[in-house]
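Thanks for passing this one along. Here are a few friendly notes to read beside the structure.

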Amino acid sequence: MNVKQKYTTPVQKNDTFEGTIEDLTFQGLGVAKVEGYPIFVENALTGEEGTILVVSVGKKYGYGKMIDLKKASPDRVELVDKVSSQVGTMPLQHMTYQAQLAFKQKQVADALHKFGLDKGRTVHPTVAADQPFNYRNKAQIPIGTNEEGQLYSGFYRKNSHDIIPVEDFKIQLPGIDEAIATIVAILNKHNLKGYNEQHHSGLIRNLVIRKGYYTDQMMVIIVVNGHSLPEEETIVSEIVEALPNVVSIMLNANVKQTNVVMSGQQHILYGADRYEDKMFDLTYEISSKSFFQINTPQAEKLYQLAIRAADLQGDETVIDAYSGIGTITLSLAQKAKTVYGVEVVADAVKMAKNNAAKNAIHNVHFETGQAERVMGEWVKAGVKPNVVVVDPPRKGLDDYFINSTIEANPDKIVYVSCNPTTMARDVAKFVEAGYDFTEVQPLDMFPQTWHVECVVLMSRVEK
Ligand code: SAH
């Protein structure tokens, strides 16, 4: 067959070449170049040299694999776990922890540079995690079925829907992996069938475990392709007996052909739809559908940075946008006159109100809705915030939100971000409108991965 090539590239699939890793991408892939054409190489570090096999080529870049590493970087460490490099749960595990922190600091600096915000401003060294492994308080695990028809826990092979068996995930809080193994064994004892994605048949799809870092309380969510579990009562009592710290078992009935894990209706099998954790001196109830920061001690450090940046004296009106179950809101409320929180997930707002009452904090108002809409309404209604704190999801802030915030004219805006690129894009708009900042503080919430959080304090420039 004579296939006409759409574009020419200096190397073809299955070629090998001697290459040097010149840089790392945002996602931690090594970049080697052949006549200026970038080849992205996983598990490779800046300065490393060796023979690279071209795995695929595209118009603007290709992918390769280091098949013979001839010069290793001093930042390289032995892989803790070979399986996890097949599933991609720890994409930076070949880097020393110090090098991971430096990589994250550089990511933030590069994002500022991209938006022309780097001159005269400092990006501080990344705040490290005390626990670079075993930190996640939530696990969302696909369940596979082996040839003997037995269920097993695992994770998806990269770019695939095959479930590779994994029992030790390395990054989950102690007790979570053991709980998964225990529940899988109980489900196997009852001969339950695993979900088959191709045929959209079988029952057990996923197990989701959430655990209180300070309380040890556990929530179990069983995601099924169906509406109930056979032998439900026995299974539930076996789980509770084997795992006495379980306070909530939920069934998520996800009968759709979808990759979204918890897209179904949920009902309680045991306890209530909530578990508790703590942050600082406050207690939080967390429901199955509410967001809660994945790394509790690092989230406390992140909030502390935001609280320090806000520098509240006690008489301020503060808006906390994207407030979740109210974790930042309540911490701010202890130091402010009034705090307004806005969050789009109704269930999280219910939890936030509940958490305010539980902690006897009364100077807070929570609103359900899109931050971009509610912010505009507050401004129209005459709410005059001295400080606005934002903690948006990865896509960052909507222009309507930014414009309403500028109109509200706060003295300070504290931006808590989980994506430096959208943070820099948004901050550039505030800078354009008369705010400025001198420093950015990155923080490592997700060791062994390329994710980085940061906090920026923007102040209105005096005219
Ligand atoms: N500050 C909280 C939550 C941060 S995560 C904490 O630290 O726990 C971001 C939150 O933004 C999530 O709770 C998500 O549900 C919410 N969210 C996403 N899009 C939103 C929007 N357009 N308006 C308001 N909230 C939104």
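This is a predicted model: local features need pLDDT of at least 70, side-chain atom pairs count only at pLDDT 80 or more; totals for chains, interfaces and linings use all residues.

1. Residues are numbered from 1 along each chain as its sequence is written, and side-chain values use heavy atoms, with hydrogens and water left out.

2. Take a look at helix α8 (residues 371–380) and helix α9 (residues 399–408), whose axes come within 8 Å and cross at roughly 25°. Angles under 35 degrees count as roughly parallel, so α8 and α9 are roughly parallel to each other. Their crossing is left-handed (the near helix is turned anticlockwise from the far one by less than a right angle).

3. Where the two helices meet, α8 brings A371, E372, M375, G376, V379 and K380, while α9 brings Y400, F401, S404, T405, E407 and A408 (contact means heavy atoms within 4.5 Å). By class, this contact has 6 nonpolar, 3 polar and 3 charged residues.

4. The second largest pocket holds about 610 Å³ of space. Its lining has 24 residues, and P142, Y156, H161, I163 and E197 are the closest to its centre (lining residues have an atom within 4 Å of a point on a 1 Å grid; a pocket is an open set of points where a 1.4 Å probe fits, with protein on both sides within 12 Å along at least five of seven lines).

5. Two or more lining residues come from each of β8 (138–145), β9 (151–156) and β11 (204–211). Strand β8 gives the most, with 5 residues. The lining divides into 11 nonpolar, 10 polar and 3 charged residues.

Note on methods. Axes are lines fitted to C-alpha atoms, for helices over the stretch in contact, and angles run from 0 to 180 degrees between N-to-C directions. Helices (H or I, at least four residues) and strands (E, at least two) are DSSP runs, numbered from the N terminus. Angles under 35 degrees count as roughly parallel, over 145 as roughly antiparallel, 65 to 115 as roughly perpendicular and the rest as oblique. Ala, Val, Leu, Ile, Met, Phe, Trp, Tyr, Cys and Pro count as nonpolar, Asp, Glu, Lys and Arg as charged, and the others, Gly among them, as polar. Grid points are joined across faces, edges and corners, and a volume is the space filled by probe spheres set on the points.
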